[in-house]
Each structure stands twice: as structure tokens, then as C-alpha cells.
Amino acid sequence: MYEMQGIRMMHCTIWVGGVREIVSAENSDVKFILSDHPVTIYNHAVPPTHKMSAYPLDPGIALRASQTIFPLNRDLCLILSNLEYAEDPSTSPLEKRTFARNYRQSMTRIDAFIRTRKLTGEEVTHVNFVLKSRARRFIGGGRKEWLYPEKMVSQRWGDLRKTFLPPKGGLFHFGGEMFVKYESGDVHYQDEFGRTEKPRAFLIKTAPEKLLRPGDVCGCGSGYSFKACCEAKPEALRPSWNERSIRERNIMLQSGIEKVLGLDGEKDWIQIRRELTDEQIKEVYFLYEALWPLETDLLALLPKPDGVARAVYTGSIHPSSITDFALAAPLYFGELMVAHPFIHSGVLAKKYRPTEHPKHYRQEFLKSIMFFINIMPLVQLGVVNLIPNPCDFDVHLRKQMMSMAEARTTVMRFDPDKEPRLKKQMEEDNRRSLMLMPPDAMRRQLRKLNPEMSEDQVEATMRFAERKRKLDPLAVLQEGSLEGGKEGGQMNMFKLLPNFEMTMYLAQATGACIVTDSPFRWSEVKRAIRRRVTMATPGLATFSGEINTAKFAFPQNVTDVVNHALKKTCAGYPDLLRGLFKYLSHLEERGAKPNREAQLAGRFAKVHAAAQAAFKKTGVFAKEGRISCVLPPEGIQDNTINRLLLMSSSERHLSSVPMAFFIEEHETG
């Protein structure tokens, strides 16, 4: 009941934003019937035999040609249509309507209804035919003959749409732009789809008019050929071809950063840090905000569950730790989704925005830039998908996620002492902040800590600190960065992202497993499993044991990772995990297959031996790690995550996450 309460208002925004018509059977000798499925969805491209209509499913109301039918009484019936379809019935029926967001603030004329149509007996029979086709067990009507519309309807399912289309002459009540001025002088703008800002032309792409050839660059912006990317996928499982992809936006951001900071010139990193201005910081954050409008449909840009080996990384988003394991993780797990290091100014209060107060973000900016530079070669290669926070584009999702996270803290609280790597980063960042103290204040602090220090020793310490700050790539070199009293200081963020809810959300939405190097996040994942099951099947237990005892090389330089990705040194791992993922996804319904599980374990041993030998042969600098895995037969599931996905208009997602992995440093001796 709690979950049902959480989604009870889910469709209201889309319904209110469409065309509202009340049709009448007053002049007809046939009246509307009622059924035990009173809210009926009709889409002319989805007949009752279609899998999208298999009870209790309905075609999604956000699909352009989906119309909601609700009999009010025997003489009146409400029909709700999406505006795009009402204006152009030839539009693609199974594409989502523009700005198909379930929960958002919107304005509409609630008195606008079309009430001009008086249906004929034949047309009322068409409506009754659709109503009956969705009934489960019961229907009711004033006369027995009304209950058998199938005897009178000879048209095909798709041809019935003429009965449900609202008249063109009544559409002037709907659509158009809206401007509302408040007493404060603020103006609210809204277009015909409920968007509060106009689409940005530089983010819109024109889909190819002709079918791409296998060797052409794929239209989704992945950088791969059409044959290697979207050719074998149905359109419903492809990322959008009509907008700049996540990868393309990151490349645009990279180009802008290089231009703003002069990274494409002859300046070294020390010179760039020393010459860094607040205007440059502001410009980069403005660019990021421009590339990611607050009304972005992120799910449309993300990959779908399509059988590709994919993982969501959740852990510390910090340049000092990303090289440990996450940078090389795509070699083992396939396409890796990583949280973006930049924050979005648009979701912050004005007094905290980097576009308004760039001085406070000097430290955070350097961390974000360094992280971004480190990982971008893998983004360009297409093995890392650097994604913004989904909550940045959905206020309702953000509120729900924060509420869930807050409830979770009553059971599990983050303890930095149990995250030694993250604690070390926090200490280093705090030390960098102390190094920003004004010289005179630092001298006083040194004398206070050690009164016996001579002036020469104090000055020598000051010179040493300055040299150390200069050599630290994440240290701010501008003087006065802490000035400003209560309004001064530096923003220092510790990002363990995505959080548990968003990790599960992204993994289920994209058909991915979970990868983490955070002990705290790993404990959250295992807790979600313990609520349902505790054991893997015997064969899978053997497989996970093989992985747990193995040693894995994690190259520490992004160039080495790129080289091994191009050489396909570790290609066997993603292929193996793709097969394992598919097996686990159907394990509950098909049952365990011991021979298949034994085959997976044997295959891992061969793949692992060959790949690790190749690493040793090349002699690259690598950190030795171990990987733990959980392979629960029923998957990793949390009902609240499925609710978040439904609220976000996700129509193709997994009901659970089949597997998760934990990476840690291998302890020798």
C-alpha cells in the first residue's frame, strides 16, 4: 500500500498536459459500457495481442499515440490525447511524447475541454470494443447486446483510431506558450509541452534520412560503427539519435575547457593553476550548465538493457583515487558508467552556485578538472560513460531519493574510519585548505604549534610549504582564497557517488551490474541481498570462489588502459560476464543448470590466466587487486528503486540487479 501511495499521482501531469475531450452518446441508441479495467489505454499500434498489452500491462500513456479512455457514465466518456498526436495523427505512435515527465510543476487551463462531438451508435460500439478488450473478468451495460461489441466491429484495431481522434477545430484550446508575471516581477515561461526553457539548438541532432550502412558512425553518438553499436538493437533499445549523446556532450565540454584554460597550448599545469581566474571557473561551470539543461531527459540518452556488458561504478569521485581501480575497471567489466565530477549550478541555491561565487570553488574546480582530464581518453574511446546526476533533472526524483537515503541512515551510517582511502583524501584536502592560509596567519600558527622555532626555521618551513604546494597538482596557487570571513573559505566536497539508490536506479535502467571499491557501498549492497536471500547456487558459489581468490592487475596510467583496451587484452572478461549476466537474469524462472555454471567457472580460469599473463608480459605499472562478487539467484532488489524507475517514465528496465562486484587492494604476505 505504501508503494501504491507513492505512485498514485504518477500520470496526472501528462494527462493534464494533453488534449481533454468529453464525447457524448446521448444521440446514440448504444451507450457506453463499464469494465473492471475502467482506465483504458488505446494505442492504434498496440493491439490486444501485443506483448505491451498483456494483462495487466497497458501501452505507456507517454507514448505519442496512447489515448486514455474513461467512461463517466452511460452517456459521457472522457478521452485524453497527447497534443503531438492530436495535431499530427501520422506521428510515430510508439515514440514518447516530448517532455514526458511524470512529476513536475506545470500550468494549464483546467476549464479547457472539447465537448462538441456526439457519437453515432457505430462509434460508441468502437469505444465499447476497446473497453471490453482491456477488461479482466467483468463488464456491465444497460442492455445485453451492448456487451458484445465484437459482433458489430469489423475494422482492424488500428482503423478504430478515427473514432478517438479529437476534432481539429477544438485544438485551439490547447498548446501554445504561456507567460505569467508575478507581483515580484518574476516571469514564468512554459511552452506547449510544459518546458520552462526553449530547446538548445546546439544539442539537437537531425536523425539520418537514409538507413546507415554497417561501417557508418552510429547515430547514437557512441563513436562506434553502426554495425558494432545499434544495428542489431530495436529502436526502443537505442539511445536517442535526436540529441547530442552523453559522450558528445563530454567531448564538447572537454573542448571548451581546453580553450578556456589554455590546455591545448604550451602551458604546464603549474602555470595554468597559477594563472587560473575566477572568470575561467565561472565560464567552465556555465558551459557545463549549458550542456545539461535542467529539463534533459537523461533516460533517453542512457543505454537500455540490451545485452551489452556494462557496469555502474559507485565510489569516490576524486582524482587521487580514480586511478586505483576504476580507471582500469572497463577492461574487466565492459562499458563503465561513472558519475560526473562537475556539479550543476542550476540545482543549487544562488548563494552556493559556482557561477555566482567562483572564488569559493577554486579547490573543487581543480579536483573536477583533474578527474575529468584523467578519464576523458576512456570516454572518447567509448568504454566509459561519464554521466551527470539523474536527480539534477528531476526534482521529484531528487526528493524521493533523499527521503529514501535519510530513512536508510537510521540503519547504516557512513563511518570515514571504515573507508581508509576516502579518509586519506579528506585529510589531504583539508591539508590543502590549511596551506591556503595567509602567510602571516600561517607564521603565527607555526609559532603557536612550536614556540621554540627560530625565525629562520619558520621561514624555511614557509618556503618548504610553498614548494610542496607548487608540486601538488590539486593545490590552489592563488593568494587570498580563504578571505571573506564567514562568507569566505573554499568549497570542499567529498563525493561517494552515485549513492546506493541512484546506483541501483542506473543499473536497472541500463541493464548493468554494480562495481564498487567502497567498503561502505559494498555493505549497503550486501544488506539489500540479505533482505531476500543469502546463498548462491552451488555452481555459482564455485565460480565466485574462483574470482575471490584470483589476483587482478589494474594499470594506473590511462594511456596503458587505452592501449590494453585497443589490444583487447581483457576482451574475454566482458564476454564472460555478459553470459553470466544473461544466465542470472533468467535463473529464477528457468532454474539452476549445474553444467552451465561449471562451464562458466572453467571459462573464467582460462580467460584470467591469459589476460594476466599478457599484463605481465607488457610490464605496465599496475596495482594488484582482488575482486569479490555476489550472485544472488533472485538478484539484488529494492522495491523503492522500482518505484523510482516507474516515476521516471522508464518503460524498459530490469526488476533487479543480477550481480555486483567489490574491488580492493590485494594484501601481500
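These legends go with close-up views of cysteines and charged side chains in a predicted model.

Residues are numbered from 1 along each chain as its sequence is written, and side-chain values use heavy atoms, leaving out hydrogens and water. Local features need pLDDT of at least 70 and side-chain atom pairs count only at pLDDT 80 or more, while totals for chains, interfaces and linings use all residues.

View A. A disulfide here is a pair of cysteine sulfur atoms within 2.5 Å, and the whole structure has zero of them. Cys77 is buried, at 0% relative accessible area, whereas Cys12 is partly exposed at 28% (buried is under 20%, exposed over 50%, partly exposed in between, with a 1.4 Å probe and protein chains only).

**View B. Arg117 pairs up with Glu21.** Their closest N and O atoms are 2.7 Å apart, making a salt bridge (a side-chain nitrogen of Lys or Arg within 4 Å of a carboxyl oxygen of Asp or Glu). Both Arg117 and Glu21 are buried. The count for the model comes to 40 salt bridges.

**View C. Lys233 meets Asp306.** This salt bridge spans 2.8 Å from N to O. Lys233 is buried at 14% relative accessibility, and Asp306 is buried at 19%.

**View D. Asp159 joins Arg156.** Here the closest N and O atoms are 3.4 Å apart. Arg156 is exposed, at 64% relative accessible area, while Asp159 is partly exposed at 34%.
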